[in-house]
Amino acid sequence: MEIEVKSQSDNEIVFIIRDAEVPFVNAIRRMAMVNVPKIAIEDVNMIKNNSAMFNEVLAHRLGLTPLVSNMDVIEGLPLPEDEDYEKHPGIGFSLIEEGPKEGEETKVIYSKHLISSDPKIKPVYDTIPLVKLKPGQSLNIEAFAKVGYGKEHAKWMPTTVCTYKQYPEITFNDDANIDYDCANACPRGILKADRRSKVIKVLDIEDCSMCKSCVRASQQNGLNYINVGYHNNDFIFRIETDGSMSPKEVLLQACDKLGEKAENFISFVENGG
Ligand code: SF4
């Protein structure tokens, strides 16, 4: 198996896996989505909330606010499978805010107003709007964050995108007349008709969604000039995170979890089943 990173940023990684099988690639995808530990607000005490937003909705918004959850900050915190998980109170947060100053109509309360008891574990972004307060309205909320897994709730899912597709393949039928018009059917603009060189150029094969609009257009033109398929064992994998941890960390932890499960299975078989 070969892996090649195509692009990488703080929140996104795209890489090509060659010579792999669908079940293996899908296992990595599922581990990344549902089995990587992440921190999220779990318990919320509404001491005061006379805003227009219901307690349940506000608590839900707090739960879905991404918190810094890299490996360094999770280290030492109990995981759901640990004995002391239930007893651990969690990382405390407070949200104590008053409505707008005199003369102003509303005040928007953002994620930056959520004050953490641990400076390392705080909202990833400062500017997520949580609730609007009108004059005379106020909040006094305490919340507790815990480590969890995406398989329990989406708020513990570090990935916002975690997908793969088989590597596209575009071929042209040399026996047919060149159908320049089929290039116009591509919604992604990756086909370019070059009448001077008498070819259709594929500008970025990896961007092809395999929608086959070009194939249908060519069939309608009665030319059947273009074919779209894919490589069975090559994949383009994309992970985007909510910023709580880097995509590289997600991938490393997903592989560790998959390895752990394989090890457990091996010991089970070795010990006689
Ligand atoms: S399959 Fe869709 S995305 Fe790919 S080249 Fe054809 S029209 Fe464009």
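The structure is a predicted model, in which local features need pLDDT of at least 70 and side-chain atom pairs count only at pLDDT 80 or more, whereas totals for chains, interfaces and linings use all residues. Residues are numbered from 1 along each chain as its sequence is written.

The secondary structure of the chain consists of 5 helices and 12 strands, these being DSSP runs numbered from the N terminus (helices, H or I, at least four residues; strands, E, at least two). Along the principal axes, the C-alpha atoms fill a box of roughly 75 × 70 × 25 Å. Of the 273 residues, 29% are buried (20 or more other C-beta atoms within 10 Å of the residue's own; exposed, 12 or fewer; partly exposed, in between; C-beta atoms placed from the backbone). Among contacts (C-beta atoms, placed from the backbone, within 7 Å) between residues at least 6 apart in sequence, 73% join residues at least 24 apart.

An open sheet of 4 strands shows antiparallel pairing in the order β1-β2-β12-β9, where two strands pair if DSSP finds at least two bridges between them. Its edge strands, β1 (2–8) and β9 (159–172), each pair on one side only. Neighbouring strands of this sheet are turned by 30° against each other on average, direction ignored. Strand β9 is joined to the antiparallel strand β12 (residues 226–241) by 13 bridges, and Thr 163 stands opposite Arg 238 in β12. Helix α1 (residues 22–34) packs on the sheet, where it touches β2 (12–18), β9 and β12, and its direction makes about 155° with that of β9. Axes are lines fitted to C-alpha atoms, for helices over the stretch in contact, with angles from 0 to 180 degrees between N-to-C directions.

Glu 98 lies in strand β4 (residues 91–98). This residue is partly exposed because 14 other C-beta atoms lie within 10 Å. Glu 98 is 24 residues from Ile 74 in sequence, with a C-alpha to C-alpha distance of 32 Å.

Around the ligand there are 14 residues, of which Cys 186, Cys 208, Cys 211, Ser 213 and Cys 214 come nearest; a residue is near a molecule if its C-beta atom, placed from the backbone, lies within 6 Å of it. The shell comprises 10 nonpolar, 2 polar and 2 charged residues, with Ala, Val, Leu, Ile, Met, Phe, Trp, Tyr, Cys and Pro counted as nonpolar, Asp, Glu, Lys and Arg as charged, and the others, Gly among them, as polar.

Technical notes
Contact = placed C-beta atoms within 7 Å.
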